[in-house]
Amino acid sequence: MLEIQQLSIWIQTENGEKQVVRDASMMIPAGQTVGIVGESGSGKTMLCHAVMQLFRDSRRYNGDILFEGRSLLAMDEQEMRQLRGNDIALIMQNPIAMFNPLVTVGDHFVETMQAHTPVKKQQALKIAAQQLARFQLPDPSILKKYPHELSGGMLQRIMIALAASLSPKLLLADEPTTALDTLTQLEILEELALYQQQTNTSMLIVSHDLGVIAKMADTIVVMRRGQIMEYGPADCILVEPVHSYTQALLAAKDNKYSLEQLVDAWTGEVSGELYEYRQGHWVRQEETSC
Amino acid sequence: MGRFLAKRLGSMLLAFFGMTIIAFGLIRVIPVDPVEAYFTMNQIPISEEGLASMREEEGYNRPLLVQYSTWLVDAMTLDFGESFVSKKSVTAELLQRFHVTLTLAATAFIMIVTVSLTVGIWSATKRGGFIDWLSRSFIFTLASMPSFWLAFVFVYIVALKWGLLPLMGWGSFAHVILPAGTLALGFIPYYIRLIRSSMLEEVNKPHVVFARARGVKESVIIRRHVVKGILPQLVTSLAMTCGGLLGGAAIIEIVFTISGVGRFVVESMFARDYFVLQGFIVMIGGLYIVFNFVADLLCALVDPRVRIKGDGA
């Protein structure tokens, strides 16, 4: 479905270019969920933007991203626009900032659907209401509301419903639950998981919270400072993490350390090559220990 | 929305009231005695007794507050007294010329909106392109020239050299184009820059990125997410400009020898035609307030958050 091949990303900053992702490769097989976990600044969001090809003008790429065998980097803006929202949908973090305060929820649905299909407004609103009902928002009056009249949790659900409304083949979820309280987080994750099962959509879920990733993913990618530290089946990584950074992440999850403490505690250098520890389970070499 | 309207109407009335105090007060502050001015104007020999009896007759000896309230009551019925010069009612004199200035200002306003929206949006969407570069250098040149000088240049080139449009005077639509264009030129550079810079700011907002991530067509993004986002700011600015156009048409009217309100007021100023000035201040001030009220309403129509807050900015 999606194949990221030795992707490196540079962003433009005031002090010139800065590399934010280095030689990252991964695959999202059809119908599977891949989870990327890492602290802020590890390049997870950059990967999502790269798959959507957002901010093309200000980022430079090396390597390739293949979606159903076609290179996204080689596509022109028009082809890419037709993919966005239609074949690949993105759920973004911080839903409150993501909706236009001057546009009703319903119009967000209508414009998205009309960008890809010749659907009439009334029909689009009907589909929107069905999608909302699917994500525990059965009241169709929400469609007439403006974003500031709704809570963060509702907006996040709306965002998911919006992403699901055109039945994308690949769903990217960038920190889908970060801004929410714990209970809403759980509910939304369960709804997402249910949606994934029902529709067999491929998913890439990105979070700093290993708990979220553990709940959702078939395959886990651990990232730090733009590089993959460990990459393999969730069962292996969660049970028997090989890299010391992954071990530290797991420990942090079980002991409820904050991520900040973890970042301070784990001081290992990111160096060495990825090697295949086991079939399909890659780990970055560590210089040291013994 | 009802609450919002009531609040806005209330503050509009307050503003009207404040404006009348200023219109009344400002005239008292300038060092011209209206009665003396009247005498000079009509070449009546000035004598102390004459002045005193006139003051008594016109009520200038009464307390200021009483004078103000009688004036206000008259002003409410659009009675601003008579012009010293023509002996006609000020309201009639102003209204008679007002449609000329209004035509001028309205045409200039339409020019401002269409030109600056077109160029501004184009400039912002094709940033760094040729049009953007051209418009920005053009704006710079235009913005650094005073509008009366531009008026002379236009008259010289378009009317005198090419003979395309009538040189001066009033009558047909062709007469309106040059003066209105000149009037508009003073504001267009400002608006192009305002539209361009606020659009560039808007384009980077998360909700625009999200719209792009949903594959929404670029034209829809520009129209619905970017241009709509700058509308409240734009409308508020335009409301101020509306008043500015009406009040500021004087220079243009003088250059093009059009007998509009602006020129009339300047002439009245030289003649110390006291009541005309007062009437003009109230008229323009009132229009400013009305324009702002309309702008507030339009903003509330665009931005639902304003409707709820009620008191707005």
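## Annotated domain of chain A

UniProt lists "domain: ABC transporter" (unreviewed entry) at residues 4-250 of chain A; UniProt positions are given in the numbering used here, feature names are shortened, and annotations may be inferred rather than shown by experiment. This span is 39% helix and 27% strand, and its end C-alpha atoms lie 26 Å apart. Helices (H or I, at least four residues) and strands (E, at least two) are DSSP runs, numbered from the N terminus.

## Basis and confidence

This is a predicted model, in which local features need pLDDT of at least 70, side-chain atom pairs count only at pLDDT 80 or more, and totals for chains, interfaces and linings use all residues. Residues are numbered from 1 along each chain as its sequence is written, while chains are lettered from A and ligands numbered from 1 in the order in which they are written.

The predictor gives the complex an ipTM of 0.88 and a pTM of 0.82. Chain A has a mean pLDDT (the predictor's confidence in each residue, from 0 to 100) of 87, with 92% of its residues at 70 or more. Among the elements of chain A, the mean is lowest in helix H11 (residues 259-265), at 60, and highest in helix H4 (residues 105-116), at 95. For chain B the mean pLDDT is 85, and 98% of its residues reach 70 or more.

## Annotated regions of chain B

UniProt places "domain: ABC transmembrane type-1" (unreviewed entry) at residues 98-299 of chain B. The span is 82% helix and 0% strand, with 28 Å between its end C-alpha atoms.

The feature "transmembrane region" (unreviewed entry) is given by UniProt at residues 12-31, 104-125, 137-160, 172-192, 234-256 and 276-299 of chain B. Residues 137-160 of chain B are 88% helix and 0% strand, and the end C-alpha atoms are 27 Å apart. Residues 276-299 of chain B are 100% helix and 0% strand, with end C-alpha atoms 34 Å apart.

## Contact between chains A and B

Two residues are in contact if their C-beta atoms, placed from the backbone, lie within 7 Å. The contact takes 23 residues from chain A and 19 residues from chain B. On the chain B side, the elements giving two or more residues are helix H10 (206-213), helix H11 (218-247) and helix H15 (304-309). H10(B) gives the most, with six residues.

By class, the chain B side that touches chain A has eight nonpolar, four polar and seven charged residues. Here Ala, Val, Leu, Ile, Met, Phe, Trp, Tyr, Cys and Pro count as nonpolar, Asp, Glu, Lys and Arg as charged, and the others, Gly among them, as polar.

## Packing of H10(B) and H11(B)

Two packed helices are described by the angle between their axes and the distance between the axes. Axes are lines fitted to C-alpha atoms, for helices over the stretch in contact, and angles run from 0 to 180 degrees between N-to-C directions. The axes of H10(B) and H11(B) come within 10 Å and cross at roughly 155°. H10(B) and H11(B) are therefore roughly antiparallel to each other; angles under 35 degrees count as roughly parallel, over 145 as roughly antiparallel, 65 to 115 as roughly perpendicular and the rest as oblique.

The crossing of this pair is right-handed; a crossing is left-handed if the near helix is turned anticlockwise from the far one by less than a right angle, and right-handed if clockwise. B:His207, B:Val208, B:Ala211 and B:Arg212 of H10(B) touch B:Ile221, B:His225 and B:Val226 of H11(B). These residues comprise four nonpolar, two polar and one charged.

## Two partners of H5(B)

Helix H5 (residues 90-125) and helix H14 (residues 274-302) of chain B pack with axes 9 Å apart, at an angle of about 60°. That angle makes H5(B) oblique to H14(B), and their crossing is right-handed. H5(B) contributes B:Val90, B:Thr91, B:Glu93 and B:Leu94 to the contact, and H14(B) contributes B:Phe275, B:Val276, B:Gly279, B:Phe280 and B:Met283. Six of the residues in the contact of H5(B) with H14(B) are nonpolar, two polar and one charged.

H5(B) also packs with helix H6 (residues 130-143) of chain B, at about 130° and with the axes 8 Å apart. H5(B) and H6(B) are therefore oblique to each other, and H5(B) passes H6(B) in a left-handed crossing. B:Val119, B:Trp122 and B:Ser123 of H5(B) meet B:Ile131, B:Asp132 and B:Ser135 of H6(B). The contact of H5(B) with H6(B) has three nonpolar, two polar and one charged residues.
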